[in-house]
Amino acid sequence: MTKEELKQKPAPFLSQSSDNSSKNQFNQRYGARLTPEQFHIMREGGTETPFSGKYWDEHTKGMYKCAACGQELFSSETKFDSGTGWPSFTEPANLKNIELREDLSGGMKRTEVICKRCGSHLGHVFDDGSTDRGGKRYCINSACLNLEKK
Ligand SMILES: [Zn+2]
């Protein structure tokens, strides 16, 4: 093989693993720039370590949007300190923007919260919220949210 022939070989980065290509396809479709951690949580149903995310102790007013597609998900008006180490909300900003799905993984019966626009996993909703505020606790991973401050 001559030097010229070697130069014409495709660069190694063009041959992607299937994982990378599904990540790239998703990022391209929604203009998302997910970190490996965000991709794991949002596209593979992962969970961030409690008290580790950027929003569990956040008190700034604003709108929490989907970190992948920018859909409006939760208002700071409904955020409360649940003591769990994850951002917690009493209700979504708009029920039409989320999808709820039964999740039986991990030997538990839970309700998964999903962004309706891009289908990303956000967290779970539980029925142990404050009864005078609807009784729901939306337990959402910080990594799935982007706070747009008011
Ligand atoms: Zn989304």
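## Strands that pair

Two strands are said to pair if DSSP finds at least two bridges between them. Keep that idea in mind as we walk through this protein, which is a predicted model.

## The protein from end to end

Let's start with the overall layout. The protein has three helices and nine strands. Reading from the N terminus, the elements run α-α-α-β-β-β-β-β-β-β-β-β.

How much of the protein is buried? Buried residues account for 30% of its 150 residues. Taking the contacts between residues at least 6 apart in sequence, 55% join residues at least 24 apart.

## The six-stranded sheet

Now look for the open sheet of six strands, where the pairing is antiparallel. In what order do its strands stand? The order is β3-β4-β8-β7-β6-β5. Strands β3 (79-80) and β5 (98-103) are at the edges, and each has a single partner strand, so one side of each is left without a neighbour in the sheet.

## Strand β8 and its two partners

Strand β4 (residues 88-89) runs antiparallel to β8 and is joined to it by two bridges. Here Ser88 has Cys139 of β8 as its bridge partner. Strand β7 (residues 121-126) also pairs with β8 in the antiparallel sense, over four bridges. For Gly123, the bridge partner in β8 is Ile140.

## A residue to look at in a loop

Finally, find Phe51 in the loop between α3 (36-44) and β1 (62-66). Its phi is positive, at about 65 degrees, although Phe51 is not a glycine.

Why does Phe51 count as exposed? Phe51 has 10 other C-beta atoms within 10 Å, so Phe51 is exposed.

Terms used: Residues are numbered from 1 along each chain as its sequence is written. This is a predicted model: local features need pLDDT of at least 70, side-chain atom pairs count only at pLDDT 80 or more; totals for chains, interfaces and linings use all residues. A residue is buried if 20 or more other C-beta atoms lie within 10 Å of its own, exposed if 12 or fewer, and partly exposed in between; C-beta atoms are placed from the backbone. Two residues are in contact if their C-beta atoms, placed from the backbone, lie within 7 Å.
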